[in-house]
Amino acid sequence: MPITVKTVGRPTTESSYVRAALHGMALTFKHLLQPKWTMQYPEEKSSATWTISSRYRGTHRMAVDETGKAKCVACGLCPQVCPANCIKLIPGEDEQGNRYPLVYEIDEFRCVFCGYCQEVCPEEAIHLGVHYENAEYGREGFVYDLKRLMAQPHEMSTLWDPADPKGE
Amino acid sequence: MKWVTGSAFVYLSAVKILAVFGLLMLIIAFWTLVERRGAAFIQNRLGPNRVGPGGLFQPVADGLKNFFKEETLPPFADRALFVLAPMMAFIPAFLTFSVVPFASPLPTPWGLVRMQVADLPIGFLFILAISSLGVYGFVLAGWSANNKYALLGGLRGSAQLVSYEIAMGLSAVAVLVFAGDISLNVIVARQQASVWFVLPLFLAFFLFLVAAFAETNRLPFDLPEAESELVAGYHTEYSAMKFAMFYLAEYSNMVTASGLLVCLFFGGWDIPFTSWDNTAPWTVWKTLATFVAFWAKTLFFLLLYVWVRWTVPRFRFDQLMDLGWKVLLPTALGYVIFIALATWALEVPGHEFGVREGLILAAANVVLGYFFFRVLDRNRVLGGPANRGRKLWRASAARRRS
C-alpha cells in the first residue's frame, strides 16, 4: 500500500462496518419478501405496469384494400429510401394502366427496422408491425414475400407522431 | 442396548457412508437451486422456475449439462495437476463431514448405531487437518492452468485459507476448553447437559462464523474467485465436470461448516428445552426427530450464507488480511486465555459445567462483546489506507496549528 494515499477522513458513525452490514442484511431480507417484478415471458407478454408500445417497429405488414388486394402501387419509393437495401420490388402494370408489384420481397434479416418505408409510402401500404417473435430454421425463412406480408396478423406500428412526440 | 461391533459394524458403516454421501449430494444439488432462487428473490426476481415444479429439477438439468459439456484442457496447462486439482478440492470437502454427528443413535437388530460416519475421538482435529488439505486443490488449480488470473486466484486462496484456518481453530479451542473434550459427540452431549455453547461462548461463535465464511470462499471473502476482478479465479480454465467438482466442493464445505457451527455452538442434534431426545432408551422416532432438528439448524446457517452473499460486498485483499491477522487472531487468542481462566475459576472438582456456569459466562460475553463490537465498528481496524490517511492528515494538521 503506497503511503502517499490521501483520503478524506469520514466521521466514525458513517464508516462503521458492523452496523452497515446489519443494515444491509435487513434491507435484503425486506427485498426477499417483496413482490417480484419478473414477467414470465412466453406465457405473459404484458402486465399491468408494462405493455409493448404501439410505436414498436417490428416485422413488416402490407395493408390490403377492400377487395383483398395489396394497397401497394409499386411506386418504388420504399426500395429507394431503404438504408439497408432489403426491399426487392419488380413493378407490373395491368390493362387499365394500374401499377402493382409483380414481386415484393422484404429480407427481414437485413432490415434495420428504421421505419422509413412506412413513412415514405404514399398509399400507406407497407407498415412496420408491433411484433418481435420471428424465429426461423434458416435464412431463407426471413425473406417475406408479398403474400406473407399481407397475411401478417399483428398490429401495425404507429411510428413516431410529430404532433404527439411523447405518445400521450 | 449395546453399540454395534464386529462385521455388522463394517457393513453398517459402509451403508452410512453411502447414505451420508447421497444426502450431502442431494443437499448440495438442492442448495445450488436455493442459492439462485434466493439471489433472485433478494433482487426482486423469480429465478430459475422452469424445470419441474418451482424449478425443483434445475439441479438435475445443470448436472446433465455438466456431464455432456466439453472438457477443455488449456494447451500450456500442466496436465497431471490440472486433472488432479478438482479431486484434491472435492475429496477433503466431502471427507470432513464424516465426523459430524447428525442424529441420536439409531437402534438396529445388531445394536446401537451412531448417526455419524466415523466416531473419531479426535473429531475436531480431524476436521481441521482434512479441511486445510482442500487448499491444495485451489492452489494446484490456479498453478496448473497456466493462466494469470487463475494463478492470482490460487495465491489469494492459499493466503486466505491459511490465515483464517488459524482464527477458526483458535476460536474453536475455546469450545474445546470449555467442553473439556475434542470429540464432537462429547461436545454435543455437554451442550445437551447444560446450555448451547453459543451463550457462554458467543464471541467464539462470532469469530468461528466469520472464519467459516472465509474458509468456504464465500462472499464477502470470495477473493479466490472474485468474478469481477479475476474472471473466475482459480477455476477460470475449468469446464464441465471438473468445474462442477469445484462447485460441489464449495457447497460441501458450506454444509460441513454449517454442520460444525451447529455441533459446536447450537447443540448439534439437540432439541431445545427438552431432554427426552438425548436420553436412552433410543428409538427410531428420536433419531428421526433429532435428525430433523440438526438439519433445520444446519439449513438455517446455509441460508445465512446465501443471505450474506447477496448483501455484503467483497473485501479488499488488504482488508481481508487485516481482519484475519489483526482482529480475528488476537481476539481469538485473548478469548482462549479468558475462557481458560474462567474455566479454571469456575471449576469445582467432581462437578461438570452446567447451566449456572454457562449463564455466568454468557454475562461475561455480553461485556466482552460490547467492547469487541465497539472497536470493530469504530473503523479503527478495518479502515485500511483511509484510516491511515486520516491519521496522517490529523497529524499534519496538528503540526500546522502549532
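H1(B) and helix H2 (residues 58–68) of chain B pack at an angle of about 105°, with their axes 8 Å apart. Axes are lines fitted to C-alpha atoms, for helices over the stretch in contact, and angles run from 0 to 180 degrees between N-to-C directions. This is a predicted model: local features need pLDDT of at least 70, side-chain atom pairs count only at pLDDT 80 or more, and totals for chains, interfaces and linings use all residues. Residues are numbered from 1 along each chain as its sequence is written, while chains are lettered from A and ligands numbered from 1 in the order in which they are written.

**H1(B) with H2(B)**
- H1(B) and H2(B) are therefore roughly perpendicular (65 to 115 degrees; under 35 is roughly parallel, over 145 roughly antiparallel, the rest oblique).
- Ala29(B), Phe30(B), Thr32(B) and Leu33(B) of H1(B) touch Gln58(B), Pro59(B), Asp62(B) and Gly63(B) of H2(B). Contact means C-beta atoms, placed from the backbone, within 7 Å.
- The contact residues of H1(B) and H2(B) divide into 4 nonpolar, 3 polar and 1 charged. Nonpolar covers Ala, Val, Leu, Ile, Met, Phe, Trp, Tyr, Cys and Pro; charged covers Asp, Glu, Lys and Arg; the others, Gly among them, are polar.

**Ser7(B)**
- Ser7(B) sits in helix H1 (residues 6–42) of chain B.
- Ser7(B) is exposed, with 9 other C-beta atoms within 10 Å. The cut-offs are 12 or fewer for exposed, 20 or more for buried, and partly exposed in between.
- The C-alpha atoms of Ser7(B) and Pro48(B) are separated by 47 Å, and the two residues are 41 apart along the chain.

**H3(B) with H9(B)**
- Helix H3 (residues 79–95) of chain B packs against helix H9 (residues 240–265) of chain B at about 25°, with axes 8 Å apart.
- That angle makes H3(B) roughly parallel to H9(B).
- The contact residues of H3(B) and H9(B) divide into 10 nonpolar, 2 polar and 1 charged.

**Chain A**
- Chain A has 4 helices and 5 strands. Both are DSSP runs numbered from the N terminus: helices (H or I) of at least four residues, strands (E) of at least two.
- Along the sequence, the pattern is α-β-α-β-β-α-β-β-α.
- Buried residues make up 18% of the 168 residues in chain A.

How values were computed:
Contact = placed C-beta atoms within 7 Å.
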